[in-house]
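Please open the model in a viewer and keep the selection panel at hand.

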Amino acid sequence: MASKKYDLRVYPGFRGITLLCLVILYAPLIVVMVYSFNASPSITNWEGLSLRWYADVFTGPESAKFKSAARNSFVIALIAATVATTIATLSATAILRGGKFRLRMVSFGLISLPLMVPEIVTAVATLIFFNAIGFDRGLLTILLAHIAFCIPFAYLPISARMQGIESTYEQAAMDLYATRRQAFTRVLLPLMAPGIVSGFILAFIVSLDDFIITNFVKGAGVETLPTAIFGAVKQGIKPNIMAISTMLLGVSVVMVTLSWLISRKDRKT
Amino acid sequence: MLWRRGNEHLGGTGVTSRTNDAIEVRNAVKRYGDFTALKHVSLTISDNEFFTLLGPSGCGKTTLLRMIAGFEEVTEGGIFLFGEEIEGLPPHKRPINTVFQNYALFPHMNVLDNVGFGLEMLGKSKSEARARAGEVLEMVQLTQFSARKPAQLSGGQQQRVALARALAPRPKVLLLDEPLSALDLKLRKAMQIELKHLQKETGITFIFVTHDQEEALTMSDRVAVMSSGEVQQLGDAREIYERPRNMFVADFIGETNLIEVTVDRIDAGRAACHLGGGHRLTCDAVDGIGAGASVHMSLRPERLFLSSAPTEGESLKARVRENIFIGTDISTILDLDDGPEFRVRASNSSRGTSRVFEPGTEVFVNMEQGAARLLMD
């Protein structure tokens, strides 16, 4: 075995930098997670392990508000992610498989540009747009806004996956008597599936935790989880917020793990 | 059966004369913008023939193959399948299947479903498609791998699956786009023989594309040698090797000595020529090369032999520069007095016609009948 001194994989000092980054990234999250299990109503004093704030979320005085917000969030995230993923899949197919059309680069730019537009600008613009066309604010406006801003998030993993799929697979399918549509559904789509799942999960998470745009376009009395949490925090931070945040974090972790497991399964076969 | 989707279109072209030519390419031109990939190529490929398109990369052979498959449009001219125009039909309406260079096996399907895919697309039931796929897999000796995914197979096995997949729908013509280029030498040689047998067994017309001249000569009934978008010569292996029409063909097929000569006169079908240094040679005259022409002559090194004294036939005096041992053969490089360099090849066998001489020895280079051939530029 080669000595460590000559091992090209050893970079001196990287361990320290890595640890520092990990602390900065995760320390606040860990504090929130730990204190969500605190028995005390204080958010700074530790008084022992308890699930009372989790119980409070489901049965406490604010539980009705949180439940309805959670339902709104999940329904919107599910629909928005589904619609956005469908649109993104079709766009990727058109842009990457539609041959060389004149507006190809423009199309790619247009679909990914929203990622670079400051969210507050998108939020204000969306609000003005809904006002201009006289659309009453409510759940539907949130949904439409979410579909729109989720498309680029869904598009990126889908197009990345598609770029890695050689067009000879579709040619082989068509050579074997498949129509264009059959080549798409029988060959291209299954090969793209991992990218589509990643795109869907990304869109779902982005929609689930969006605050700025939602806050602008939601109607009075309509809340999603992030806006409900924000509203509660304005009246003082209580440990039940930490419990909700921890659960939301849990959902994200589960989704990301799922996405990873699916992509790993795909690599194996 | 295979015409299921194509019938109405094939009938509508107005060309109904059925011929025995599996494929006819008529005056095909392919242009990409300013670049002309194919310049008025015409050729006919008979039914049941193993036909090879041979040429260096960029010669247009793959373009021609893709036009027959339906992946490229023909800019001018037409392509006919058994006398019926197929230009304009999409690939899935042509009863022609392709073995792709990188195989393009569907990674998400197992071997059996890959092979059955074409039949399923033709409307066969899943069980029918699987039964036929099983038969074809047996033909390529891969039955035990039916349930595997392509990624779990070796390169040679993937190659056979690709072949089985393309053969399963019983195409009228099978196109093979350099399918052996990714295999190692031993496997490639074995597959060459197997492909040849498979072609005879199935009776399907094979059109094979390769840049490997040895591969082309080994397998093909006929070869079209292509370069810069044109067919340089079309003929069987022996014809192309022994009677190359021009410089390109002589140089591309096998090893040869290309020597500049001037034709002095033509007499009774023989051309008397001289080369640098005042050496003289006669060889069979070729149509289109008359007295006074400055052309190249091809001398195949294995048809030359060395001797210490001049023989009755044609011979040139030369000096041995170097002997190179290449296993089956010994190649000798010689300098002609005031003339060009020469290579002579002798079989590495005691029965060989040529002797091996030490470097520096004065020898005579002798020619077998027909060793020398005049070439058009």
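A residue counts as buried when its relative accessible area is under 20%, as exposed when that value is over 50%, and as partly exposed in between. The model is a predicted one.

**First stop: helix α2 of chain B.** Select residues 61-69 of chain B, which make up α2(B). This helix is mostly covered, as seven of its nine residues are buried. To display them, pick Lys61(B), Thr63(B), Leu64(B), Leu65(B), Met67(B), Ile68(B) and Ala69(B). Then extend the selection to Gly70(B), which follows α2(B) and has a positive phi, near 105 degrees.

**Second stop: the interface.** Show both chains and select the residues in contact between them: 30 residues come from chain B and 18 residues from chain A. Together the two chains bury about 2,100 Å², and carbon and sulfur atoms account for 62% of that area. Highlight His92(B), His108(B) and Met121(B) next; these supply 25% of the area that chain B buries against chain A, more than any other three residues.

How many salt bridges are counted between chain B and chain A? The count is one. To find it, select Glu120(B) and Arg186(A), whose side chains meet at 3.2 Å, N to O.

Now colour the side of chain B that touches chain A by element. Two or more residues each are given by α2 (61-69), β6 (96-99) and α3 (111-121) of chain B. Which of the elements supplies the largest share of this side? It is α3(B), with four residues. By residue class, the side of chain B that touches chain A divides into 18 nonpolar, six polar and six charged residues.

Over all chains, the structure holds 14 aromatic pairs. Begin with Phe108(A) and Tyr155(A), a tilted pair with 6.1 Å centre to centre and 50 degrees between the planes. This pair links distant parts of the chain: Phe108(A) belongs to helix α4 (residues 104-112) of chain A and Tyr155(A) to helix α6 (residues 139-163) of chain A, 47 residues apart.

Move to Phe248(B) and Phe252(B), which form a stacked aromatic pair with 5.4 Å centre to centre and 10 degrees between the planes. The two residues are four apart in helix α9 (residues 247-252) of chain B, so about one helical turn separates them. Phe248(B) counts as partly exposed because its relative accessibility is 25%.

Return to chain A and select Phe74(A), Phe200(A) and Phe204(A), which form one aromatic cluster.

Select Thr89(A), which lies in helix α3 (residues 63-97) of chain A. Thr89(A) is buried, because its relative accessible area is 7%.

Conventions. Residues numbered from 1 in each chain as written. Chains lettered and ligands numbered in written order. Predicted model: local features only at pLDDT ≥ 70, side-chain atom pairs only at ≥ 80, totals over all residues. Heavy atoms only, no water. Contact = heavy atoms within 4.5 Å. Buried area = accessible area lost by both parts, 1.4 Å probe. Salt bridge = Lys/Arg side-chain N within 4 Å of Asp/Glu carboxyl O. Nonpolar A, V, L, I, M, F, W, Y, C, P; charged D, E, K, R; others polar. Phe/Tyr/Trp six-rings, centres within 6.5 Å; stacked < 30°, edge-to-face > 60°. Buried < 20%, exposed > 50% of the residue type's maximum accessible area, 1.4 Å probe, protein only.
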